[in-house]
Amino acid sequence: MAETTTHDAHVSSTGLSNVKLGMWLFLGSECLLFGGLISTYMLYRGRVSDGPTPEQIYDIPFTSVSSFVLLMSSLTMVLAVSAAQKKDDRGINLWLTTTALLGATFVGGQVYEFTAFYNEGLGFSTSLFGSSFYTLTGFHGVHVTVGIIMLLALVAINKRSSVPGSKSETVEMIGLYWHFVDIVWIIIFTLVYLIPV
Amino acid sequence: MAIIERPTPVLDIPALPAAPPAITPSRTFGALKRPVASTGWKSWLFTVDHKKIGLMYGATALFFFIVGGLEAVLIRLQLAAPEGKVLNADLYNQMFTMHATTMVFLFVMPMAAGFANYFIPLQIGARDVAFPRINAFGFWCFLGGGIVINLAWFLGGAADGGWFMYAPNSGPVFSPSNGIDFWALGLQIAGIASLTGAINLIVTVLNMRAPGMSLMKMPVFTWLVTVVQFLLLFAIPVITVALFLLTFQRSFGAQFFDVAAGADPLLWQHLFWIFGHPEVYVLILPSFGIVSEVLPVFSRKPLFGYPFVVFSGAAIGFVGWGVWAHHMFASGLGPVSVAVFSVATMAIAVPTGVKIINWTLTMWGGKLVFSTAMKFAVGLILLFTIGGLSGVTHSVAPSDTQQTDTYYIVAHFHYVLFGGSVFGLFAGFYYWWPKMFGKLLNERLGSLNFWFMVIGMNLTFGPMHILGLQGQPRRMYQWTEARAGEGFFNIAFWNLVASIGSLVLAVGILFFLINIVVTARSKVRAPLDPWNARSLEWMTSNPPKEHNFDSIPKVDHLDEFFHRKYEEDPVTHTMREVATAEQVLAELERNADPHIHMPSPSYWPLVLAVGLPVVALGVIYSTMVAIVGGFIMLYAIYGWALEPATAVASDFDTPSTNGHAVSTTHG
């Protein structure tokens, strides 16, 4: 912030803002979280006990469509960041809301998918495959949901014009998180759905 | 309130300023208005000041140290004689599980976090950490986690699966009480403290150094604690996954560790030790940092080979990720894995050895001053080396197979953790006490404290080498006279010695507690620079003012404070004093920044952290309670998001401008 440059404590040694550096570190930590969950799934995906196998229940075309929706939300997120840099409030609200809607579509698809799998006989405690599948994709779904809450909350706060600090940076930070969650989904989609056991 | 302080000189202590006119908050964030108390308990509860948070970490950790110590004494009383009757088997399991959990997660880690919180901003010339509210949130998470873990004592029994909580002992069949549920959820909450603390301190160190302080001019304590924060940043999420899997298994019927359902019993061990081995360095590196500060000061010499200490610390940080399976040599990993991890474990002894050499050569030829802090630092070098050497014997896999799960292992990790980590922390107490409280700890009591601890610790843990090599297993609640052996290797004798040693150790700790009370009652103020110290944290008053430095110092040297006091004589090449500490400080005060902006206190970190234990209890007992906890957290998050970190004038009624310490106008 310009008015604080006279105070040495506010000048960052790396040139990156504290918030941005902190967000990158947090995302680095999140890599290990998903690393642990993915490893668990990869270890257990073939252990189905008496329950259904992955090949029997996965609906690849359906999940491909919902994955595509999630990836498109990264595009709208970029448009929101771009609008924020141009100080275009209407654009910010429009693209943040669109991103949230696309994210919600993805989560809706996941809820549908979970319901369908459950009806086909794959419960959380049916088999090791079931436990680890729901845990991994569930954690990802929770991350997307948290992202949606952040997006909608930012829109609401922005409409009241009470975003503390730098608005474009706040949008950018949610953007970093959102892109990270999308990238994780690309990995999960490939490893979980596309690579056969 | 926006705390905007005008610097006041400390050297001639000013009369207390007239109380500023009462300021009342006008704007709400959520339903709560800004906290305004600057004194009393409210000023601690809602503080975001890194020094107050550091002290709260320290005080809480000290409490848990006493709890964990009493658990240890009970364990030793049980094992002092054959067929011990002090504890039954079930209680004994809880006791050793909680002793380790308490000492690792609720004493050493938070005590190091307390020192890091207090001294890193001071050592790098900053006024606070990067995220003061997240810092406060971290402390409350640690406290909440500690309470949840220990709550189990009163609600049906504590966790009883060992601190490593191996499957299948962690399953409901072998541990039907709720102890392990409390343990897993409590550690999860305490883990949030470590994770947020790691992000906060890394950003602080990378972004908020005083002008001129390049990375290679940072004090070694700051360096090594930064390495620790990177270890935590990447290790905590792994234990988070493991704890989630455990909670899902125990509370929601998942099968992750259920061997009957085809689960792999090694999954938990791998996840736990991928976290657990970096964790070992999380426990020791802060103490290495402390003695690297203490030894040069009391040897009157700069640290020998500063870059080697720094880079060997970073090397430990990297290699520490490649040795986890040496905890699992006996689990049938296969010869290739065992060989790889065995060699990596031998390799990690090298950067540790480098540090031992550096410390020794720092003392070599120095004018040694054996203050209590110095005694503990030298004690660390000797005792840690003994523990390090027995550690190397574990890296030899065939030998380790014999030692696994015997008291030999217990002897090893107590030499490195007690002789290493704890001695380092005690060196830190005696060295930094005058900085934190403005009074010197009593050196006579300190000496008793030190000698009782050294003798007690060697009596307790030394004999365990013999017990272990004789085959006494860990975690057995009784041993029998019939199988005690004879002569020098009679385990009855050595068990008794170890138990007496633990009481000697307890007396040593008691001397420390007495010392705290005696010092608190003493009226003698510590001099400004009692140890003739070298680094920036001493370039401010004792205790430091809320804003730490009146003007941010410009740094030209490693050991900047020393180089402001001493210059090299061009003829004799000896260092001669050119300024006293008082003169250096007076110089800073003359150049004081006219207005200093400090972050404002906040309710939200505490409110958010209160929600977490409520959710944890809800997971164990009732979903409704968890939902209530979730709403508390959601409410706090919104309040937090809407509240600017530094209060603006419109947050208050009638902003005051005439007070001594309070003004809300912008400089």
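How many residues of chain A are in contact with how many residues of chain B? I counted 32 residues of chain A in contact with 39 residues of chain B, taking two residues as in contact if their C-beta atoms, placed from the backbone, lie within 7 Å.

**Ground rules.** I number residues from 1 along each chain as its sequence is written, and the chains are lettered from A and ligands numbered from 1 in the order in which they are written. This is a predicted model, in which local features need pLDDT of at least 70 and side-chain atom pairs count only at pLDDT 80 or more, whereas totals for chains, interfaces and linings use all residues.

**Interface.** Helices here are DSSP runs (H or I, at least four residues), as are strands (E, at least two), numbered from the N terminus. I sorted the residues of this side of chain A into 13 nonpolar, 16 polar and three charged, where Ala, Val, Leu, Ile, Met, Phe, Trp, Tyr, Cys and Pro count as nonpolar, Asp, Glu, Lys and Arg as charged, and the others, Gly among them, as polar.

**Confidence.** I noted that the predictor gives the complex an ipTM of 0.92 and a pTM of 0.92. For chain A the mean pLDDT (the predictor's confidence in each residue, from 0 to 100) is 90, and 94% of its residues reach 70 or more; over residues 1–9 of chain A, however, the pLDDT is below 50, and this stretch has eleven contacts in the model beyond near neighbours in sequence. Chain B has a mean pLDDT of 90, with 94% of its residues at 70 or more, but over residues 9–19 of chain B the value is below 50, with ten contacts beyond near neighbours in sequence. I also marked residues 655–667 of chain B, where pLDDT stays under 50 and the model has 29 contacts beyond four places in sequence.

**Chain B as a whole.** I listed 18 helices and six strands in chain B, and its C-alpha trace spans about 80 × 70 × 45 Å along the principal axes. The radius of gyration of chain B, taken over C-alpha atoms, is 26 Å, which agrees with the value near 26 Å for a compact globule of 667 residues; the globule rule is 2.2 Å times the number of residues to the power 0.38. Of the 667 residues of chain B, 54% count as buried, a residue being buried if 20 or more other C-beta atoms lie within 10 Å of its own, exposed if 12 or fewer, and partly exposed in between, with C-beta atoms placed from the backbone. Among contacts in chain B between residues at least 6 apart in sequence, 82% join residues at least 24 apart.

**Core.** The largest nonpolar core has 240 residues, and those with the most contacts inside it include B:Cys141, B:Ala242 and B:Val294; such a core is a set of buried Ala, Val, Leu, Ile, Met, Phe, Trp, Tyr and Cys residues joined through C-beta atoms within 7 Å. I traced the largest share of this core, 22 residues, to helix α6 (residues 220–252) of chain B. B:Ala242 touches B:Trp268, B:Leu271, B:Phe272 and B:Phe275, not counting residues up to four places away in sequence.

**Helix α9 of chain B.** I checked the 29 residues of α9 (residues 335–363), whose end C-alpha atoms are 43 Å apart, in agreement with the 42 Å they should span at 1.5 Å a residue (the expected span is 1.5 Å times one less than the number of residues). Its buried residues include B:Val338, B:Phe341, B:Thr345 and B:Trp359, and what covers the buried residues of α9(B) includes α7 (266–299) and α10 (372–395) of chain B. α9(B) is followed by B:Gly365, whose phi is positive, near 75°.

**Two single residues.** I found B:Leu368 in the loop between α9 and α10 of chain B, partly exposed because it has 15 other C-beta atoms within 10 Å. Beyond four places in sequence, B:Leu368 touches B:Phe298, B:Ser299 and B:Met363. B:Glu443 lies in helix α13 (residues 443–469) of chain B and is partly exposed, with 17 other C-beta atoms within 10 Å; leaving aside neighbours within four places in sequence, B:Glu443 is in contact with B:Ser371 and B:Thr372.
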